Amino acid sequence: MFAKYPFYKSLPMKILLTGKTGQVGGELNNILKDMGELVSVGREQLDLSEIDSIEPAVLDIQPDIIINAAAYTAVDKAEEEPELATTINGVAPGVLAEAAKKVGASLIHYSTDYVFDGRSDTPYREEDATCPLSIYGESKLAGEKSIAEAGIPYLILRTSWIYSLQGKSFLRTIKKLASENDMLRIVDDQIGAPTWARSIALATHKILEQYLRNKTEPSLSGIFHLTCQGKSSWHGFAKEILSLSDASQKTQLLPIPTSDYPTPAVRPLYSLLSNDKLEKAFAFKMPHWHDTLKDCISSTPAI
Ligand SMILES: NC(=O)c1ccc[n+]([C@@H]2O[C@H](COP(=O)([O-])OP(=O)(O)OC[C@H]3O[C@@H](n4cnc5c(N)ncnc54)[C@H](OP(=O)(O)O)[C@@H]3O)[C@@H](O)[C@H]2O)c1
């Protein structure tokens, strides 16, 4: 009778979740509710650009786990606002980690495929050399380093090409543009793994469950790559979105090279991440992006 009752329900665990209005944060806000007392905060309650406000908030809440799903994610705008991007993505995670140390909490944080330069032709592993091409990528890498320096138990989950039915998402942008245009030109030479925000949140739940069972096991902490299986170009991703939506009949998708679509921030041409370390440590596989895209399109948005 008790075997099915999740063990963590007996733990008096308090989770502080930042970024509750984001793609991943919104999903986590629903999915982590069964894990303990969840204190979800948005920018109004905790603004990560106000560095001095971070430690008092953590001391006040006294969490056992901090999950930082908040970030400056406007990749192109970051080129114009390097200081703000660096404060939120580079400095704030380290301050959160130092505050976590004071209250004895662990930290789960998300990072990005954009810490790599895309020159590889095989999926990046956690120990591969980083070399960001953009301010956003640099700021996220600085965040990873500042967390590692704090000397607390942490998990950094690097993911890629996040989409969902809420917020600023490639999926929503393509559907909107397709409803307004007969033809769309989409980059076809950047390769990555589209990853549904809900898949990340569900994986975080599984990871947290196992982490809580064995917090002192070194193989369950550090940096992990976490993306949906498979690969695509942005053009391939857009094609699949439209084939699963009504707009497929009308809108033509023209594949173009990155050089025909210059953006302020340079993106890696190849940013597939290997999930091998995650699969070995936590014993589960991520779903294929084709399957999750179907599930996402027929789902109800988290927020
Ligand atoms: N999106 C991607 O394709 C992608 C790819 C790889 C990795 N990642 C990483 O994955 C994580 C989750 O990304 P996401 O796509 O879920 O991000 P998102 O949808 O853009 O959400 C970002 C969240 O951060 C919050 N935020 C921004 N500035 C803040 C500040 N100064 N103080 C407090 N909160 C602030 C936002 O709040 P507001 O609603 O108030 O703006 C929002 O809740 C991030 O670490 C991101 O770097 C993202």
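The model is predicted, so local features need pLDDT of at least 70 and side-chain atom pairs count only at pLDDT 80 or more, while totals for chains, interfaces and linings use all residues. Residues are numbered from 1 along each chain as its sequence is written, and side-chain values use heavy atoms, with hydrogens and water left out.

**The ligand and its shell**

The shell around the ligand holds 24 residues, of which Thr21, Arg43, Thr73, Tyr136 and Lys140 come nearest. A residue is near a molecule if one of its heavy atoms lies within 4 Å of it. By type, the shell divides into eleven nonpolar, ten polar and three charged residues. Here Ala, Val, Leu, Ile, Met, Phe, Trp, Tyr, Cys and Pro count as nonpolar, Asp, Glu, Lys and Arg as charged, and the others, Gly among them, as polar.

| Protein atom | Ligand atom | Distance |
|---|---|---|
| Arg43, side-chain N or O | oxygen | 2.7 Å |
| Asp47, polar side-chain atom | nitrogen | 2.9 Å |
| Ile162, backbone N or O | oxygen | 2.9 Å |

Taken alone, the ligand exposes 910 Å², and the protein buries 84% of that. These areas come from the Shrake-Rupley method with a 1.4 Å probe.

Helices (H or I, at least four residues) and strands (E, at least two) are DSSP runs, numbered from the N terminus. At least two shell residues come from each of α1 (23–31), β4 (106–112) and α4 (135–149). The most are given by β4, with three residues. As for α1, eight of its nine residues are buried, including Gln23, Glu27 and Ile31. Buried means under 20% relative accessible area, exposed over 50%, and partly exposed in between (1.4 Å probe, protein chains only).

**The nonpolar cores**

A nonpolar core is a set of buried Ala, Val, Leu, Ile, Met, Phe, Trp, Tyr and Cys residues joined through side-chain atoms within 4.5 Å. The largest core has 83 residues, and Ile67 and Leu208 touch the most other members. Beyond its neighbours within four places in sequence, Leu208 is in contact (heavy atoms within 4.5 Å) with Ile15, Leu32, Met35, Ile65, Ile67 and Ile108. Another core, of eight residues, lies apart from the largest one; among its members are Phe116, Tyr270, Leu272 and Leu273.

**An exposed loop residue**

Asp52 sits in the loop between β2 (37–41) and α2 (54–61). Asp52 counts as exposed because its relative accessible area is 70%.

How values were computed:
Polar contact = N/O pair within 3.5 Å; in protein donor to acceptor, adjacent residues only side chain to side chain.
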